[in-house]
Amino acid sequence: MSVFKLSWKYLIDRPLNTILNVLLLALGLSIITVLLLVEEQFENKVNRDAAGIDMVIGAKGSPLQLVLSSVYHVDFPTGNIPLKEAQKVSRNRLIKNAIPMALGDNYEGFRIVGSNHDYLNIYQAELIDGKKWEKPFEVVVGSKVAKAKGFKVGDTFIGAHGIEAASHQHDQHAFQVVGILALSNNVLDQLIVTSVESVWYAHDEEIGSEKLENQVNATGFPESDETRELTTVLIAYRSPMAAIQLPRMINGRTSLQAASPTFEMSRLFELLGIGVAVMKGLALLIIFIAGLGIFIALYNSMKERKYDLAVMRAIGAAKIQLFLLILSEGIILTFLGAIGGLILGHFFLLLIVITNEQGLVAGLNAITFTDKEWWVIVYALMVGVLASIIPAWNAYKEDIAGQLSK
């Protein structure tokens, strides 16, 4: 019988100790797994959602809140800005493209975003059915919205004021789905996108029939009177010089606020880094305790098995075989713990995604495996080797004659 088969039979002969050691190690490794998955996927998602957006212009307030609400759609907007002033700033020669946005409405928790076709173009969005909006109250819906609500081209729904599900409904006119976007794994998947005019008219007390027949402005800023407002403007720079001059000019000389998605998200990652470090420390502590438990279990088992090991030596087993026997027990335990940790980690991430169907974490995938997860197994096996090396050495140098004489 091979060394590994003997080790396995000994472990399953003591199921309680084996299960407890495996579970404790798996718990620590599952935390590490979740952190690895979230860290990598979250960073990739943040970069995808901000692709092509160099700066955000909005109302004065928290720049981080402005970025989160305008780019990632996970926070409340800082307020509205005058259409006339936004148009004036957007004509600056350093700006390559300016995309207006009107926010503040939702449908059962999914946000309604008023913009133009350029907003879809920066994400290279494709339609799997229907067309882009051409008239007020026509919308295209993201793939996850369509799946969650069962939308098809031609369906209608009533929007509600605010960005939370339980809000006052705008029942003057229903939105009509004219297009469904393909899955793009970015923020568009969770949005309902329409024209800026649609958001304006939804808040008007009376909607004339001529407004409903108007063709919307598909690119650039919508044409309207000076009393209209926008929520934010997404900016793409024409040259690197704009990154130096524009934010300073807008923040210092206008009533508007300019914020950089890259800078604000880097600052957010720094703030979150403390919590991630604490979680990693907790996980390492659990892994250390698990390794210590494996060491104690193997060390104590040596006292119980001294006679058995002596008999094995007497019938022809070599010292190195006894050494490998104990060592393989530690490796088997930690390998099972590593597999259990990976499974638990993906399961915990799945629960996080399910309980947060909207927002930044909604785009995370619990089924995706990363290269870093192989290091979780390697790290676990190292713990197993370190935990079992001393008991294995004791088995190697055991006094066979002395044990048999007893």
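How much space lies in the second largest pocket?

## The second largest pocket

About 450 Å³ of space lies in this pocket, where a pocket is found on a 1 Å grid over the protein atoms alone, as an open set of points with protein on both sides within 12 Å along at least five of seven lines. Such a volume is the space filled by probe spheres set on the grid points, which are joined across faces, edges and corners. The second largest pocket has 15 lining residues, and L35, V38, E39, F42 and V276 are those that lie nearest its centre; a lining residue has an atom within 4 Å of a point. Two or more residues of this lining are given by each of α2 (15-49) and α10, and the largest share, 7 residues, comes from α2. Helices of this kind (H or I, at least four residues) and strands (E, at least two) are DSSP runs, numbered from the N terminus.

## How to read the model

The model is a predicted one, in which local features need pLDDT of at least 70 and side-chain atom pairs count only at pLDDT 80 or more, while totals for chains, interfaces and linings use all residues. Residues are numbered from 1 along each chain as its sequence is written, and side-chain values use heavy atoms, with hydrogens and water left out.

## The cavity

The count comes to 1 cavity of 30 Å³ or more, a cavity being a set of points where a 1.4 Å probe fits but cannot get out. The largest cavity has a volume of about 40 Å³, and its lining is made up of S69, H73, P77, L103, G104, D105, R111, I112 and I163. Strands β3 (95-107) and β4 (110-115) are the elements that give two or more residues to this lining, and β3 gives the most, with 3 residues.

Strand β3 is also the place of N97, which counts as partly exposed because its relative accessibility is 26% (buried means under 20% relative accessible area, exposed over 50%, and partly exposed in between, with a 1.4 Å probe and protein chains only). N97 and I53 are 44 residues apart in sequence, and their C-alpha atoms are 9.4 Å apart in space.

## A strand with two neighbours

In a regular strand, side chains alternate between the two faces of the sheet. Strand β6 runs parallel to strand β9 (residues 175-181), with 4 bridges joining them, and E138 stands opposite Q176 in β9. With strand β10 (residues 191-195), β6 pairs in the antiparallel sense over 3 bridges, and there V140 has V193 as its bridge partner. Two strands pair if DSSP finds at least two bridges between them.

## Two helices

Helix α10 (residues 261-314) gives 7 residues, the largest share, to a nonpolar patch. This patch on the surface is formed by L24, M279, L282, L285, F288, I289, L292 and I296, with about 700 Å² of accessible area together. M279 lies in helix α10 and is partly exposed, with a relative accessible area of 36%.

Helix α12 (residues 372-396) holds V383, which is buried because its relative accessible area is 13%. V383 and T334 are 49 residues apart in sequence, and 7.1 Å apart in space from C-alpha to C-alpha.

How values were computed:
Patches are made of residues with over 30% relative accessible area and no salt bridge: like charges are joined within 9 Å, nonpolar side chains (Val, Leu, Ile, Met, Phe, Trp, Tyr) within 5 Å. Accessible areas come from the Shrake-Rupley method with a 1.4 Å probe; for residues, only the protein chains shown count as cover. A salt bridge is a side-chain nitrogen of Lys or Arg within 4 Å of a carboxyl oxygen of Asp or Glu.
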